[in-house]
Amino acid sequence: MKISPLLKLIVLVNVIFCFNCSNTQIDNTPMVTIEKLVFNPFQVNTFIIYDETKECVIVDAACYGSDEEQILADFIKDKGLKPVHLIDTHCHIDHILGNRFAATTYNLELSAHRDSEFFVERSLESAAMYGFKLENPLMPSIYLKEGDEVKFGNSKLKIAEAPGHANGSICLISEEGNFVVTGDVLFKDSIGRTDLPTGDLDLLLSNIKEKLFVLDKDMKVHPGHGPETSIGYEKQNNPFVKGFDKGIE
């Protein structure tokens, strides 16, 4: 039987189409979401980070009092999330006020850098100084260090140590989500204060340069207070670090 040229063309097109379909690359990159709740008179940014599995990480549980605790609980319930980690970027009093509530409610241990214990041990004095009522502050029982990975769902956060604002300060880097949670290390147009115990300006600037400014310029920065920014914006515009290294572009 003689096959017409048109039929040959149709068969060839179908073969090519089927081959391409069988070799289609499926993107399995986790979809990481970060959302912010602002708590207590210091206006601390508490972050809830989760992916498509609905497992989540609570970062800097700063809720103070029953009303703010309910806001955190309602958010997690409404989103259908399952908290699997509780992390402090550092343990200044304004960042730890909701740790006991979060740990008890979701049966979590506190993860932080070992050097943060210094501040938890003194947190009752700090609370009294600022007029907070704090009982039985939660000590970290899981210690995070440079290069550690905190896994949740199909995703992970990489730990970068960045003291200078406070000993034990860490940043949480999400490559899947293209963002970094900086605590009080780096803010939009500013940096963490260094006049509190264990503060060190030179060390802080060095860590910003070596741990943060090496990240992609489009990476979003989610600080412990105030609005979001980006690595590229801060390299070019942050008055505290702008130009301190001429090699940064």
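In this predicted model, strand β5 (residues 110-112) pairs with β6 in the parallel sense, over two bridges. Both strands belong to an open sheet of six strands with mixed pairing. Helices pack on this sheet, among them α2 and α4. The structure also holds four aromatic pairs, and F42, Y64, Y130 and F132 form one aromatic cluster.

**Sheet**

- The strand order is β1-β2-β3-β4-β5-β6, and the sheet is open.
- β1 (33-39) and β6 (142-143) are the edge strands; each has a single partner strand, so one side of each is left without a neighbour in the sheet.
- The partner of β6 named here is β5, and the two run in the parallel sense.
- Within this pairing, A112 stands opposite Y143 of β6.

**Helices on the sheet**

- Helix α2 (residues 65-79) packs on the sheet and touches β1, β2 (44-50), β3 (55-59) and β4 (82-87).
- The direction of α2 makes about 160° with that of β1.
- Helix α4 (residues 99-106) also packs on the sheet, where it touches β3, β4 and β5.
- The direction of α4 makes about 145° with that of β4.
- β3 and β4 are touched by α2 and by α4.

**Aromatic pairs and cluster**

- A pair of aromatic rings is described by the distance of the centres and the angle of the planes.
- F42 and Y130 have ring centres 5.3 Å apart and planes at 85°; planes over 60 degrees apart count as edge-to-face, so this pair is edge-to-face.
- This pair links distant parts of the chain, with F42 in the loop between β1 and β2 and Y130 in helix α6 (residues 123-130), 88 residues apart.
- F42 also pairs with F132: the centres lie 5.9 Å apart and the planes stand at 45°, so the pair is tilted.
- Here too distant parts of the chain are linked, since F132 is in the loop between α6 and β6, 90 residues from F42.

**Accessibility of the rings' residues**

- F42 has 33% relative accessibility and therefore counts as partly exposed.
- Y130, at 42% relative accessibility, counts as partly exposed.
- F132 has 8% relative accessibility; under 20% means buried, so F132 counts as buried.

**Charge over a ring**

- R114 lies over the face of Y143, at 3.9 Å from the ring centre.

Key:
Residues numbered from 1 in each chain as written. Predicted model: local features only at pLDDT ≥ 70, side-chain atom pairs only at ≥ 80, totals over all residues. Heavy atoms only, no water. Pairing = 2+ DSSP bridges. Helix = DSSP H or I, 4+ residues; strand = E, 2+ residues; numbered from the N terminus. Contact = heavy atoms within 4.5 Å. Axes fitted to C-alpha atoms, helices over the stretch in contact; angles between N-to-C directions. Phe/Tyr/Trp six-rings, centres within 6.5 Å; stacked < 30°, edge-to-face > 60°. Buried < 20%, exposed > 50% of the residue type's maximum accessible area, 1.4 Å probe, protein only. Lys NZ or Arg CZ within 6 Å of the ring centre and 35° of its normal.
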